[in-house]
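Here is a friendly briefing to read alongside the model. Please keep the viewer open as you go through the topics below.

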Amino acid sequence: MNEKRVIGEKAAEFVKDGMIVGLGTGSTVFYTIAKLGQLLRDGLSLKGVATSVQTEKLARQWGIPLVGYSSEIDEIDVAIDGADEVDSEWNLIKGGGGALVREKMIAKTAKAFIVIADSSKFVGKLGNFPLPVEVVPFGYEMTRKHLAGFGCEPKLREIYDTPFKTDNGNYIFDCSFPEILEPAALERDLNLIPGVVDNGLFVKMVDTIITLDSNRNIIITR
Ligand code: 5RP
């Protein structure tokens, strides 16, 4: 059974006629977008707001009309996205796909934020997955030192030996912490470092989680 497919497609059921939908990034929401494309062909009306260039392309392939994250829209009805880690209080680490800034902006604007997370994503405490932090390229080595001051090992994300660039033209440090004990304080404090754009901690933002239990039944928790 493809867990990501089952929960990704389930999430599409939360989209009702006429909604503006924040479309997340990654291999789970891939299935939501594909399902929405099918529903659209069957007559559902919706508009998407993409969290990345990758998602924008995928949505276009499925014929999903897109609107910008701009004055074109007043609100987003629902945002649907994956996660890299989910703790017992539904705080998240996101940004494995490098889209954390736009993902957070769009999820914060949405009236409801639905997270689709397969069973491998659930942890007692956050921090097994290195925390992605997006930084401006200017002075990034200095920013690395400031990040390390928080007790983590920041590793510059690279692709073919050159820094990975986000859709915003920035770099990402993947920061390995021994354990993240206070996600809210860490989210706030990391963002106070000059040069940091945002980090992948999503604290107290989630409204609904869709996952599967050990018997492979879909679990929807609000
Ligand atoms: C991208 C993200 C993704 O939501 C996260 O990496 C989960 O991805 P996947 O659904 O492929 O496991 O934060 O920036």
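Two strands are taken as paired if DSSP finds at least two bridges between them, and helices (H or I, at least four residues) and strands (E, at least two) are DSSP runs numbered from the N terminus. This is a predicted model, in which local features need pLDDT of at least 70 and side-chain atom pairs count only at pLDDT 80 or more, while totals for chains, interfaces and linings use all residues. Residues are numbered from 1 along each chain as its sequence is written, and side-chain values use heavy atoms, with hydrogens and water left out.

**Strand β3 and its partners**

- Strands β1 (residues 19-23) and β3 run parallel and are joined by 3 bridges; here Leu23 is found opposite Ile80 of β3.
- On to β6 (residues 110-116): 5 bridges join this strand to β3, again with a parallel run, and Ile80 has Ile114 of β6 opposite.
- Is β3 enclosed or open? Of the 6 residues of this strand (residues 76-81), 6 are buried, so β3 is largely enclosed by the rest of the structure. Buried means under 20% relative accessible area, exposed over 50%, and partly exposed in between (1.4 Å probe, protein chains only).

**The annotated position Glu103**

- The UniProt record, an unreviewed entry, places the feature "active site" at Glu103. UniProt positions are given in the numbering used here, feature names are shortened, and annotations may be inferred rather than shown by experiment.
- Glu103 sits in helix α4 (residues 100-109) and is buried, with a relative accessible area of 5%.
- Which residues does Glu103 touch, leaving aside its neighbours within four places in sequence? They are Thr25, Thr51, Asp81, Lys94, Gly95 and Phe202, where contact means heavy atoms within 4.5 Å.

**Around the ligand**

- There are 17 residues around the ligand, and Ser27, Thr28, Asp84, Lys94 and Lys121 come nearest; a residue is near a molecule or strand if one of its heavy atoms lies within 4 Å of it.
- The polar contacts (pairs of N or O atoms within 3.5 Å; within protein, one must be able to donate a hydrogen and the other to accept it, and residues adjacent in sequence count only if both atoms are side-chain atoms) include one at 2.6 Å between a ligand oxygen atom and a side-chain N or O atom of Thr28.
- A polar backbone atom of Gly95 is 2.8 Å from an oxygen atom of the ligand, and for a backbone N or O atom of Gly97 the distance to a ligand oxygen atom is 3.2 Å.
- Of the 380 Å² of accessible area that the ligand has on its own, the protein covers 91%. Accessible areas come from the Shrake-Rupley method with a 1.4 Å probe, and for residues only the protein chains shown count as cover.

**A three-stranded open sheet**

- An open sheet of 3 strands has the order β4-β5-β13, with antiparallel pairing.
- Its edges are β4 (85-86) and β13 (201-202), each with a single partner strand, so one side of each is left without a neighbour in the sheet.
- β4 and β5 (residues 92-93) are joined by 2 bridges, and Glu85 is opposite Ile93 of β5.

**Positive phi in loops**

- Asp161, although not a glycine, has a positive phi of about 65°. Asp161 lies in the loop between β9 (158-159) and β10 (162-163) and is exposed at 70% relative accessibility.
- Lys204 also has a positive phi, near 50°. Lys204 belongs to the loop between β13 and β14 (208-212) and is exposed, with a relative accessible area of 67%.
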